[in-house]
Amino acid sequence: MTISETTRLAPSKQLSERPLIWLGAITTGVVVTNLFAPQILVGLIGRSLAMPDWQTGLVSTLTLLGYALGLLLLVPLVDLIENRRLILRTLGCAILAAIATALAPTPTLLLLASFVLGASCAAIQMIVPLVASMVAPERRGQAIGEVMSGLMIGILLSRPAASLIADLWSWRAYYILSAGLMALLAGALGRYLPVLQPTARTSYGELLRSFPTLLREEPVLRVRAWTAALVMASFTAFWSAVALRLPDAPFGLDARGIAAFALIGVVGAAATPIAGRWGDKGWARPMLLAAHLLIIGSLALCAWAGVLESGITALCMLGFGTILLDVGITTDQTLGRRAVNLLRPEARGRINGLFVALFFVGGGIGAAAASLAWSYGGWTAVCTVAASFGVLGLVTDLMTRTGTS
């Protein structure tokens, strides 16, 4: 079934395929920083508003909880409401929420604004399927990969960028800057996004109740969401603990050094368009096998780096392992998104919401596992746990061919 059979499409203003893809990539990259920047800003926010420790921790937690609920409650509206209007309204809420967070005079108002901001960031997962729907199926993997490169770069840059902005000005300046950038991008999206009208005739309640049916009837969604959750667990386990390891020997990095190290991961985002392009050529299965093997091998390198004596050698090995890890993770994510976006066009919003929500759960499990592993076994234990998620992904590859065409 093609897009034209399920939607009515009209351009708001002519824009070629390539600029539209890059506009989507930049937008997702900017918006996603709001989800991860609070993890580095919470200390400054807590001191500024005299928040107790338990309340300070809620800033990041409520932002991510809001995002999770947005995935399940807002993204399915893509299948019901005209997409361009829905995206612009959701981005508008994100802009207002970012401004409210920046200006919040009390902890209660800040927590409420951060929750709404997190939920509004679900606009990311509305943009990805819309851009994918504009591209022919044989080029869809490449398009998704290019949009995903923006998303991954945004995730990796969010912490160092937020730290730099807060160091130069204040934590409030980060949210003001974010709101300004999102407003500029919303203007561009309003000018150039095509109008995509779903033809589904159903109620919102029926959309939400269809989640279990989609999971039951779409094995590609189940398998690819499972492996995406596993690699996201590896990702969060590694990045949750690496900042704790880098200050100690043999690395000995200060706060600025750690922020600079985080930029290394951006190199891995370059793999996303390549993975999507090769997926379009029918090489998804060998690419998935390679991705999960790469995750396992890269984490072995990272664990080995931690026991070396030479600081330069250790840092180079850790950096190389980090790049390989991010290449493996982004490859799985890109191929998984490509597979699920080739499923039912009339349910693309719900499928994307489910896919991201499930790998989001994997990220939470990875962070919790890393905390436990660090407490009991240090860096080597963290790398072992993170690699074990890659092993499960590899086993899945060997046991099934679902979603590899």
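Predicted model: local features only at pLDDT ≥ 70, side-chain atom pairs only at ≥ 80, totals over all residues.
Two cavities of 30 Å³ or more turn up in the count, and the structure holds zero disulfides. The largest nonpolar core has 113 residues.

**The largest cavity**

- Space of about 140 Å³ lies inside the largest cavity.
- A total of 16 residues line the largest cavity, and the closest to its centre are Phe-36, Leu-151, Ile-155, Met-232 and Phe-359.
- Sorted by class, the lining of the largest cavity has 14 nonpolar residues and two polar ones, with no charged residues.

**The second largest pocket**

- The volume of the second largest pocket is about 460 Å³.
- Its lining is made up of 19 residues, and Phe-36, Gln-39, Ser-60, Leu-64 and Ala-367 are the closest to the centre.
- At least two lining residues come from each of helix 2 (38–48), helix 3 (53–73), helix 11 and helix 16.
- Helix 3 gives the most to the lining of this pocket, with six residues.
- By class, the pocket lining divides into nine nonpolar residues, nine polar residues and one charged residue.

**The nonpolar cores**

- Within the largest nonpolar core, the members that touch the most other members are Leu-41, Ile-45, Phe-238, Leu-318 and Trp-379.
- Leaving aside residues up to four places away in sequence, Trp-379 touches Phe-238, Ala-241, Val-242, Arg-245, Cys-302, Ala-303, Gly-306, Leu-318 and Trp-374.
- Another core, of five residues, lies apart from the largest one, and its members include Ala-275, Met-287, Leu-288 and Leu-335.

**The cysteines**

- A disulfide is a covalent bond between the sulfur atoms of two cysteines.
- Cys-302 is in no disulfide, and the nearest cysteine sulfur, that of Cys-383, is 5.6 Å away.
- The cut-off for a disulfide is a pair of cysteine sulfur atoms within 2.5 Å.
- Cys-302 counts as buried because its relative accessible area is 0%, and buried means under 20%.
- Cys-316 is in no disulfide either, with the nearest cysteine sulfur, that of Cys-302, 13 Å away.
- At 53% relative accessibility, Cys-316 is exposed.

- From Met-148 to Arg-85 the distance is 22 Å, C-alpha to C-alpha, and the two are 63 residues apart in sequence.
- Leu-168 is found in helix 7 too, and Leu-168 is exposed, because its relative accessible area is 51%.
- A separation of 44 Å lies between the C-alpha atoms of Leu-168 and Leu-394, which are 226 residues apart along the chain.

Note on methods. Residues numbered from 1 in each chain as written. Heavy atoms only, no water. 1 Å grid on protein atoms, 1.4 Å probe; cavity = no way out; pocket = protein on both sides within 12 Å on 5 of 7 lines; lining within 4 Å. Points joined across faces, edges and corners; volume = space filled by probe spheres on them. Nonpolar A, V, L, I, M, F, W, Y, C, P; charged D, E, K, R; others polar. Buried < 20%, exposed > 50% of the residue type's maximum accessible area, 1.4 Å probe, protein only. Core = buried A, V, L, I, M, F, W, Y, C linked by side-chain atoms within 4.5 Å. Contact = heavy atoms within 4.5 Å. Helix = DSSP H or I, 4+ residues; strand = E, 2+ residues; numbered from the N terminus.
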